[in-house]
Amino acid sequence: MKNRIFNFSAGPCTLPLSALEKAQKDFVDYQGAGMSIIEMSHRGKHYDKVHFEAIANIRELLSVPEDFDIMFIQGGATLQFAMVPMNFLGAGKVGEYVNTGAWAKKAIADGKKIGETKVIWSGEDKNFTVMPKPLDIKFSADAAFVHMCSNETIGGIECHDFPDTGSVPLIADMSSHIMSRPIDFSKIDMAYGGVQKNLGPAGMAVVIMKKSLVEKANENLPAYLSYKIHASKDSLYNTPSVFVIYIMKLTTDWVKEIGGLKAVENLAISRSGLVYEAIDNSGGWYSCPVDKNSRSRMNVVWRLPSEDLEKKFIAEALDAGFSGLKGHRSVGGCRASMYNAMPLEGAKKLAEFMVRFKQANA
Ligand code: PMP
């Protein structure tokens with residue numbers, strides 16, 4: 001495809017071209033069935049295979065232990081901000097939250113509406129440019145859970161070292177870095193993420209939860225809000241997001257084809273390394289506000305000397321074939337979101353463009 005540009009959007013975002021092409025090829029007549037995958041029953045043999053292969057791919061790629069359930073739940077990661085407290089914050093229980101920035105704050109706000117919450121660490125005084133060190137997170141032994149966002153998509157910070165919360169369940173919103181690195185399931189009891197970054201189209205979350213935690217979930221909830229129901233019905237209690245799961249299956253097939261989690265992790269390190277290098281080698285002309293040890297491999301954020309130059313940079317970058325580089329409207333600046341499907345070439349070309357732009361404008 002000649003006119004495919006480098007898309008640095010934060011999500012929805014670039015997806016593997018081979019997965020898109022496969023979906024296109026199979027779209028109207030799915031494997032000779034005489035109808036599309038989105039037209040057929042979600043209880044039939046074709047969809048059944050897609051559904052369970054998508055789950056199996058995730059289990060295999062992330063080495064999800066057998067004592068964890070993998071669930072597909074609509075409503076994106078946002079619904080998880082409510083479902084977590086609905087399921088685990090009964091009377092007398094306190095949910096303990098780590099406040100790392102914009103997405104953590106949204107989870108905290110929803111938690112507060114549902115039960116008792118406590119913020120046990122906050123990066124606010126550092127303008128959310130740093131992740132806590134594991135031992136900075138002082139949780140209570142009787143907390144219902146500790147919740148953290150392990151990659152802040154807007155702030156561009158990523159947790160590279162998770163705390164060990166012992167018998168207190170650790171719940172992580174991994175929306176913007178799930179499937180880009182291994183997950184230590186000896187520490188994490190629930191990992192969830194909206195799927196529209198590394199996995200597929202928007203509109204759903206993947207929830208990976210320890211079975212012993214599912215056991216503790218509230219039973220008196222409307223069906224769709226109940227983890228117990230989703231887990232016990234293999235995410236087929238109601239009609240699932242057929243199309244999203246189909247693309248997820250193709251996307252995870254692609255991850256397997258290119259060498260699995262290690263391959264995508266190495267790519268993430270190389271891509272982000274190239275852009276950070278362009279920032280660090282600019283003599284301060286480009287500046288990344290993030291603490292070096294908390295830099296995200298997925299969302300690289302930086303500033304230019306003025307907002308006018310930032311506007312010019314973003315406009316000229318678009319003309320040069322790089323889209324989606326505008327920072328989130330709440331913080332400004334520039335951001336390159338480089339998820340699994342962003343080719344290394346995209347990061348290389350962007351870094352070269354940054355050098356040229358500085359030479360022309362400094
Ligand atoms: N958490 C994080 C870290 C995110 O980046 C996002 C979306 N960008 C969300 C939660 C919300 O996800 P959704 O839009 O799928 O509800």
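Student: Where is Pro12 found?
Tutor: Pro12 sits in the loop between strand S1 (6-7) and helix H1 (17-26). Helices (H or I, at least four residues) and strands (E, at least two) are DSSP runs, numbered from the N terminus. This is a predicted model, where local features need pLDDT of at least 70, side-chain atom pairs count only at pLDDT 80 or more, and totals for chains, interfaces and linings use all residues. Residues are numbered from 1 along each chain as its sequence is written, and side-chain values use heavy atoms, with hydrogens and water left out.

Student: What makes the peptide bond from Gly11 to Pro12 cis?
Tutor: Its omega is near 0 degrees. Most peptide bonds are trans, and most residues other than glycine have a negative phi.

Student: Which phi does Gln31 have?
Tutor: Gln31 has a positive phi of about 45 degrees, although it is not a glycine. Gln31 lies in the loop between H1 and H2. Ser235 also has a positive phi, about 60 degrees, and is not a glycine. Ser235 is in the loop between helix H6 (227-232) and H7.

Student: Why is H2 called oblique to H7?
Tutor: Look at the axes, which are lines fitted to C-alpha atoms, for helices over the stretch in contact, with angles from 0 to 180 degrees between N-to-C directions. Under 35 degrees is roughly parallel, over 145 roughly antiparallel, 65 to 115 roughly perpendicular, and the rest oblique. H2 (residues 45-61) and H7 (residues 242-257) cross at roughly 45 degrees, with axes that come within 9 Å. That makes H2 oblique to H7.

Student: What is the hand of the crossing of H2 and H7?
Tutor: The crossing of H2 and H7 is left-handed. The near helix is then turned anticlockwise from the far one by less than a right angle; clockwise would be right-handed. Contact (heavy atoms within 4.5 Å) involves residues including Val50, Ala54 and Ile58 of H2 and Ile245, Met248 and Thr252 of H7.

Student: How many residues of each class does the contact of H2 with H7 have?
Tutor: It has 10 nonpolar, three polar and five charged residues. Ala, Val, Leu, Ile, Met, Phe, Trp, Tyr, Cys and Pro count as nonpolar, Asp, Glu, Lys and Arg as charged, and the others, Gly among them, as polar.

Student: Why are H1 and H7 described as oblique?
Tutor: H1 and H7 pack at about 135 degrees, with axes 9 Å apart. H1 and H7 are therefore oblique. H1 passes H7 in a right-handed crossing. Among the residues that meet are Ala19 and Ala23 in H1 and Leu250 and Trp254 in H7. This contact has six nonpolar, two polar and two charged residues.

Student: What makes a set of points a cavity?
Tutor: On a 1 Å grid over the protein atoms alone, a 1.4 Å probe fits at the points but cannot get out; lining residues have an atom within 4 Å of a point. The whole structure has three cavities of 30 Å³ or more.

Student: Which residues line the largest cavity?
Tutor: Among them are Phe72, Ile73, Gln74, Ser235 and Ile245. Strand S2 (residues 68-74) gives the most, with three residues. The lining has six nonpolar, five polar and no charged residues.

Conventions:
1 Å grid on protein atoms, 1.4 Å probe; cavity = no way out; pocket = protein on both sides within 12 Å on 5 of 7 lines; lining within 4 Å. Points joined across faces, edges and corners; volume = space filled by probe spheres on them.
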